[in-house]
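Student: Please take a close look at one part for me: the charged side chains. I would like their partners, their surroundings and their place where the chains meet.

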Number of protein chains: 2
Amino acid sequence: MFTAVPEEPRTPYLRADLSRVHRNLQRAADLAGAAGVSLRPHAKTHKSREVAELQLGAGAVGLTVATIGEAEAFAAYGCTDLFIAYPLWLEESSARRLIDLAETTRLAIGVDSVAGAANSGRHLGGHDIEVLVEIDSGQHRSGTEPHDAGAVAEAAAHAGLPVRGVFTFPGHGYAADPASVAREEAEALSGAVASLAATGIEARVVSGGSTPTLVHTDLGVVNELRPGVYVFNDAQQWELGVASPDDIALTCVATVVSHAGGRVVLDAGSKSLGADRAAYATGWGRLPRAPYARIVQLAEHHAVVDFADATLPPLGSKVEIAPNHVCAAVNLHDVIWSEDTAGPQPWSVTARGRNG
Amino acid sequence: MFTAVPEEPRTPYLRADLSRVHRNLQRAADLAGAAGVSLRPHAKTHKSREVAELQLGAGAVGLTVATIGEAEAFAAYGCTDLFIAYPLWLEESSARRLIDLAETTRLAIGVDSVAGAANSGRHLGGHDIEVLVEIDSGQHRSGTEPHDAGAVAEAAAHAGLPVRGVFTFPGHGYAADPASVAREEAEALSGAVASLAATGIEARVVSGGSTPTLVHTDLGVVNELRPGVYVFNDAQQWELGVASPDDIALTCVATVVSHAGGRVVLDAGSKSLGADRAAYATGWGRLPRAPYARIVQLAEHHAVVDFADATLPPLGSKVEIAPNHVCAAVNLHDVIWSEDTAGPQPWSVTARGRNG
């Protein structure tokens, strides 16, 4: 009864503006196409079969995913080229899932250490699965130092895993000047390519990119781009100056349930928007049609919005919220309602919750 | 293929310690029982049939939920007494769902304004659904001022909705001294009871409580308690001093995938833990077995943990994380793996994602 998709949207629900989705996809496809580099969008943002098909239809060479579960979800819907951009630590059961996947899908995974490469090789060596060495270009999350990349690649090759190349996620572009971060990305990847070359291994693929740094990417170094958020954008991209409110293609539609305290209380909260709030964020999401408003409090099912001196939207009316981080919001829903002139159509969030 | 519950847990997964769950439930049941007040736990924390059955088995009079969708999920599994502690703004379709629910379940909803009471009455009047007036006791989220409660109750009664009483959520107990907040809760509820009495309406139920304020609740005023988190506890309760690490009954089990930068990278991130981080939090969750460690960076599938000078857990080993906010973490998973001496058993997160 309650797992089925309802026949029509009920607040709080996610609404995608199809024409904006197309425009966002085309902009990235044009950027990659003009430079002759590959676009391999990160599907963790949408987790949706329908959006994946739009991306592949717009010229993407394949998809990036973060987990084996996401890879399984997209392979089940016919995607035949997947890169798990994550330094997996494999065990027998997870390795078995990858080997099964590789029967129908061109597959690559990340490695970021000699030990990880050896472990992956022990489980996967001899199967048709490639690796890319993850480089830390400044985010200090996972990834090896550029000058150690050759040793990691060598360990992988030695363990029977073909090396496709190197990759990084310049995620510190969310907290620093994106142009400088893109220069650090290029420098780190160049260093890693040289480190591989010194061991006799060619990095055929040099993969980078993120939504905030995308237009700054050094496409003389990077030959594969993996942005994720760009398909929808969100309040973070807006507040970073990367996207305008008109570029935001996904919102959460909520109902005004209360005017308590002279503010607006919406029936969307952290369980439909996510609780992400970066240091630079001015609230818990933004209202694209009321840019002066601020979400000053967020609970699981309440967004409390200060409308400053503006007239409050009436009780029972609908308000659209751009989540701070769209990837987190999408992962809280089973369906995205895509709207165009034909009215709302449900897109399945195929890979929701596929964390492992 | 990928919506089914896996046969065994895969990291990152939620693990419940059954004996700690029982102990946490019993402690609250004892507190309520000793004072002769009702316990109506908030099921939004666990969203799970199995945990609801444990709570009802331990003497809870019924369940609290936040949404119609949660109410439907628990009614479908046989709960016959549900309170939707939320100021719903009803439309025809949502009212129909409530009327259907009331056929099998004793049902109450929240109202927090004269307009909301009139709207609910228009849709539900004459059906067997009661209301409780929500009071703002200091959190400044939703709820009416205590002295306005009588007018709201009168509007509900006038619209054909029987008034059961008043309720509040003293959520500011997360940011201020819980004992003071509990005094504000009692004062606000007393004022509201008096406001109802002045209009000739008796507040039979005076409902309050939250996990951090629970032991401070004035049980001379409050006769129904609605804590949620207490069943599991979390890093927030630990850091607030409300629970010890030994009281934390739910953790996310993660695998060490990298030692990049001399730190530990775990395969759990915001998509399995939630991104909640209160002002007082010292990180993005805590490690109960390594209290000196701090989660210094959280991405969707990475928790970067600084172990200070301690030895790092080895690559491939398993680490348990207490999420900052357990309600958010549970809502990201389809299953909680309950562990006792019989080994892991899957509990369904029945009401996951039921936001509307």
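**Charged side chains, within and between chains**

Tutor: Start with A:Asp334, which counts as partly exposed at 37% relative accessibility. The scale runs from buried (under 20% relative accessible area) to exposed (over 50%), with partly exposed in between, using a 1.4 Å probe and protein chains only. Keep in mind that this is a predicted model: local features need pLDDT of at least 70, side-chain atom pairs count only at pLDDT 80 or more, totals for chains, interfaces and linings use all residues, and side-chain values rest on heavy atoms, with hydrogens and water left out. Residues are numbered from 1 along each chain as its sequence is written, while chains are lettered from A and ligands numbered from 1 in the order in which they are written.

A:Asp334 has a partner. Its side chain meets that of A:Arg352 in a salt bridge, 2.9 Å from N to O. This pair joins distant parts of the chain: A:Arg352 lies in the segment after strand 16 of chain A, A:Asp334 in the loop between helix 10 (326-330) and strand 15 (335-340), and 18 residues separate them. A salt bridge here is a side-chain nitrogen of Lys or Arg within 4 Å of a carboxyl oxygen of Asp or Glu. Helices (H or I, at least four residues) and strands (E, at least two) are DSSP runs, numbered from the N terminus. A:Arg352 itself is buried, at 9% relative accessibility.

A:Arg354 pairs with A:Glu72, and the closest N and O atoms are 2.5 Å apart. The sequence gap is 282 residues: A:Arg354 sits in the segment after strand 16 (343-348) of chain A, A:Glu72 in helix 3. A:Arg354 is buried at 11% relative accessibility. A:Glu72 is buried too, at 8%.

B:Glu320 and B:Arg289 meet through their side chains in a salt bridge of 2.8 Å, N to O. Again distant parts of the chain are linked: B:Glu320 belongs to strand 14 (residues 318-321) of chain B, B:Arg289 to the loop between helix 9 (270-273) and strand 12 (294-298), 31 residues apart. B:Glu320 is buried at 17% relative accessibility, whereas B:Arg289 is exposed at 67%.

Contact means heavy atoms within 4.5 Å. B:Arg15 is part of strand 1 (residues 13-17) of chain B. Its relative accessibility is 17%, so B:Arg15 counts as buried. Its side chain makes a polar contact of 3.2 Å with the side chain of B:Glu339. A polar contact is a pair of N or O atoms within 3.5 Å; within protein, one must be able to donate a hydrogen and the other to accept it, and residues adjacent in sequence count only if both atoms are side-chain atoms.

Some charged residues go beyond pairs. A:Arg40, A:Asp81, A:Arg106, A:Glu130, A:Arg164, A:Arg204 and A:Glu224 are linked in a network of salt bridges. The whole structure holds 48 salt bridges over all chains.

Now cross to the interface. Six salt bridges run between chain A and chain B. One of them joins B:Lys318 to A:Glu91, with the closest N and O atoms 2.4 Å apart. Helix 3 (68-76), strand 4 (81-87), strand 10 (250-258), strand 11 (264-266) and helix 9 (270-273) of chain A each give at least two residues to the side that touches chain B. That side of chain A divides into 22 nonpolar, 19 polar and 18 charged residues.

In total, 59 residues of chain A contact 59 residues of chain B. Of the interface residues of chain A, 100% are also interface residues in chain B, so the copies meet through the same surface.

Note on methods: Ala, Val, Leu, Ile, Met, Phe, Trp, Tyr, Cys and Pro count as nonpolar, Asp, Glu, Lys and Arg as charged, and the others, Gly among them, as polar.
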